[in-house]
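Here's a quick briefing to read alongside the sequence and the 3D view. Have both open before you start.

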Amino acid sequence: MTVTRKLLLPLALTLAIAACSKPADEAAAPAADAPAATETAAPAADAAAAAAAPAADAIQIASGTYKLDPTHTDVLVQWSHFGFSHPTAHFGAAEGTLVYDAADVTKSTVEVKLPLTGLNSFTAKFDEHLKSADFFDAAKFPAATFKSTKVEANGTNKL
């Protein structure tokens, strides 16, 4: 699996965070108070009643351009090292925008930029290796960028 594909899962998290941040252009896209999803509370002893509880209502998000809030965004990656260990790395200050079209989510887009200067695997020598030409080639490509090719609905409250 390529390094680019390994970044897709954490970037999906970034999309979810971006959808909850304030719009970049308040005039063009006023923030909507999203109603909290309601769930029927059921006692632990009544599992049948809990299973019959209604599904969560769809959360309404206003169309607009949303910027990632770097103080509320944390991009972490984890991978399997031949099944023996599961190392992790952290990317620093992520930048990005989500253009959301509530009427037609397929017209929505996501773009995220991860500066490689903030890459931290918690092991200095491994950081150097990740930034080398063997992986990201940070000297030539100082940032990893993700641009969506499509956005589609994947159930209630999921894109």
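Is T73 buried or exposed? T73 counts as buried, at 11% relative accessibility; buried means under 20% relative accessible area, exposed over 50% and partly exposed in between, using a 1.4 Å probe and protein chains only. Bear in mind that this is a predicted model, where local features need pLDDT of at least 70, side-chain atom pairs count only at pLDDT 80 or more, and totals for chains, interfaces and linings use all residues. Residues are numbered from 1 along each chain as its sequence is written, and side-chain values use heavy atoms, leaving out hydrogens and water.

**Around T73**
- T73 sits in the loop between β1 (64-67) and β2.
- A polar atom of the T73 side chain lies 2.7 Å from the backbone oxygen of D69.

**Overall layout**
- The protein chain has 4 helices and 6 strands, taken as DSSP runs numbered from the N terminus (helices are H or I with at least four residues, strands are E with at least two).
- Going along the sequence, the pattern reads α-α-α-β-β-β-β-β-α-β.
- Of the 159 residues in the protein chain, 25% count as buried.
- Among contacts (heavy atoms within 4.5 Å) with a separation of 6 or more in the protein chain, 63% come from residues 24 or more positions apart.
- The accessible surface of the protein chain is about 10700 Å², and 58% of that belongs to carbon and sulfur atoms; the areas come from the Shrake-Rupley method with a 1.4 Å probe.

**Aromatic pairs**
- You'll find 2 aromatic pairs here, meaning rings of Phe, Tyr and Trp (its six-membered ring) with centres within 6.5 Å; planes under 30 degrees apart count as stacked, over 60 as edge-to-face and the rest as tilted.
- W79 and F126 make a tilted pair, 6.0 Å centre to centre with 40° between the planes.
- W79 is in the loop between β2 (75-78) and β3 (88-91) while F126 is in helix α4 (residues 124-131), so this pair ties together parts 47 residues apart in sequence.
- F126 counts as partly exposed, at 28% relative accessibility.
- F91 and F136 pair edge-to-face, 6.1 Å centre to centre with 85° between the planes.
- That pair links distant parts of the chain, with F91 in strand β3 and F136 in the loop between α4 and β6 (143-147), 45 residues apart.
- Both F91 and F136 are buried.

**Confidence**
- The protein chain averages a pLDDT (the predictor's confidence in each residue, from 0 to 100) of 77, and 65% of the residues score at least 70.
- Over residues 3-9 pLDDT stays under 50, and the model has 9 contacts beyond four places in sequence for them.
- Residues 26-45 also have pLDDT below 50, with 21 contacts beyond near neighbours in sequence.

Terms used:
Polar contact = N/O pair within 3.5 Å; in protein donor to acceptor, adjacent residues only side chain to side chain.
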